[in-house]
Amino acid sequence: MANYNTAVIDIGSNSVRLVTYRIEGRSIWPIYNEKILAGLGRDLGRTRRLHPDGCRDTLIALRRFRAIIESYNLKNVHTVATAAIRDAEDGAAFAETIRAETGFHVRVLTGGEEAYYSALGVLCGQAEATGVVGDLGGSSLELIDLNGEDAFKGITLPLGPFALGAPAPILMEHTRKRIVDVLAPHRERFHQKTFHAVGGAWRNLAVIWMQKANYPLQIVQQFELPAREALNIARLIASQSTGSLEKIKGVTKRRMENLSYAALVMQSLIETFEFQTVCFSANGLREGLLFDNLDPELKTRDPLLEGCAALGARLGISSDIGQALSQWTRDFYQSADGVLFERPDPRLIRAAAKLADIGATLHPDHRADLVCDQVLRAPIPGQSHAERVFLACTLFTRYAGEAYVKEPVLIDRILGEDGLNRATQLGLTLRLGCDLSAKSASLLSNAHLLQHERNLVLEAKAGWEDLLLGEQTRKRAKTLANALRLNLKMGSY
């Protein structure tokens with residue numbers, strides 16, 4: 001599996017950003033992220049030219065980015081520009097100035113290319129995503145289907161905040177009519193169930209909703225809202241003055257100038273295309289560029305399983321227990337009749353098993369809490385918020401030997417009691433398998449676990465009983481049996 005570091009420089013209408021990444025197989029991990037809000041496109045709608053202050057600030061930032069990049073061993077640095085440089089009369093000249101003064105050869109993306117890479121970014125983080133991707137930048141909105149006869153044929157629309165009048169105060173009814181008039185011809189094509197929202201302004205809308213609703217997991221990736229909830233927060237933000245918006249934590253003043261426009265675009269999209277669900281993506285164009293360059297076989301792999309494997313390999317010490325423990329655990333659940341206790345999703349069993357050793361080098365008094373927090377908040381894509389909480393609770397139990405009860409609001413609002421019970425049972429199963437085998441795949445192969453009638457049966461191969469079924473193993477197995485409401489039987493086969 002090829003591992004390397006790379007970077008993307010994204011010169012947008014509002015921000016100029018450098019992100020360095022660690023590529024581990026299919027997993028794309030952000031390492032360093034720096035941006036400035038240069039506002040290259042601030043006057044584009046009025047003057048058709050780039051903002052002079054924005055050009056100056058962009059060149060300063062790019063010279064710094066050049067120094068950062070030269071201090072690291074990076075492979076295939078991508079430098080791209082989007083709507084502002086693409087549409088400005090002086091855009092091509094400024095791209096040449098960038099080359100001359102910083103050495104970066106800027107690839108100016110077409111609107112279709114920008115939409116395409118944004119769609120790939122969403123798929124990089126959520127392989128089974130369907131519906132419509134919308135990427136809102138400072139000057140434009142890109143829309144693209146993920147399925148259907150028009151799949152991956154994106155369009156670009158002049159609906160970015162700068163194109164609509166930002167940073168001037170929003171003229172609500174006039175601007176809304178303008179947005180709807182642009183969207184209306186595309187109503188039939190983009191009338192789909194799910195809308196994937198890409199872009200910093202929309203991520204801020206998600207953060208604001210989380211704060212107002214006291215949502216317990218402040219992670220944007222794959223945060224889903226029913227469209228009616230997204231519509232409510234969009235309407236609220238669109239109607240707020242900049243002064244009111246500045247009171248909201250976590251959103252910069254420069255972002256506030258554009259936020260009402262971004263909210264009104266979101267409102268108009270939901271009303272025009274009648275989406276049922278809005279799913280926010282932390283991935284976008286930059287991740288799509290990198291995903292596009294991966295080996296075709298890697299692209300087909302599950303992002304959750306690949307991310308868990310990469311994180312487990314980096315933080316754990318056992319190189320072979322993950323796969324063996326996954327099979328051992330899935331064999332157990334397959335032996336169960338599914339009536340006495342509910343089986344977890346086999347995909348989540350595999351993911352949890354790949355993480356089962358990540359606390360190996362942590363202090364034993366704190367590893368359950370540290371592992372839980374790591375799994376809950378690690379930038380591993382391909383999982384819903386409920387799945388993220390499930391895995392965190394599972395790994396807490398794998399190390400603590402008891403159910404996770406420290407943040408009950410996570411359970412009440414995201415996972416549910418039934419989900420917590422399944423996570424606890426899976427965590428105890430992983431704990432038993434790890435301790436029975438001393439995290440050795442070869443030793444684990446000499447024992448199996450199954451349900452027979454109302455019994456939890458743990459058996460070792462003949463001759464291995466004394467080595468594998470000792471006092472600690474019995475204790476771990478008894479705890480699991482109690483959690484499953486089964487009787488424990490131990491023996492040989």
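1. The UniProt annotation "domain: Exopolyphosphatase C-terminal", taken from an unreviewed entry, covers residues 320-481; such annotations, given here in the numbering used for this chain with shortened feature names, may be inferred rather than shown by experiment. Over residues 320-481 the chain is 61% helix and 7% strand, with the end C-alpha atoms 26 Å apart, where helices (H or I, at least four residues) and strands (E, at least two) are DSSP runs.

2. This is a predicted model, in which local features need pLDDT of at least 70 and side-chain atom pairs count only at pLDDT 80 or more, while totals for chains, interfaces and linings use all residues. Residues are numbered from 1 along each chain as its sequence is written, and side-chain values use heavy atoms, with hydrogens and water left out.

3. The domain assignment, whose bounds come from an automatic or database source, gives domain 1 (6-108), domain 2 (112-287) and domain 3 (302-492). The C-alpha centres of domain 1 and domain 3 lie 45 Å apart, and 4 residues of domain 1 are in contact with 9 residues of domain 3 (heavy atoms within 4.5 Å).

4. Between domain 1 and domain 3 about 590 Å² is buried, 60% of it from carbon and sulfur atoms; buried area is the accessible area (1.4 Å probe) that two parts lose on being put together, summed over both. Of the area that domain 1 buries against domain 3, E24, R26 and W29 supply 79%, more than any other three residues.

5. The rule finds 1 salt bridge across this interface (a side-chain nitrogen of Lys or Arg within 4 Å of a carboxyl oxygen of Asp or Glu), and the side chains of R314 and E24 meet in a salt bridge at 3.0 Å, N to O.
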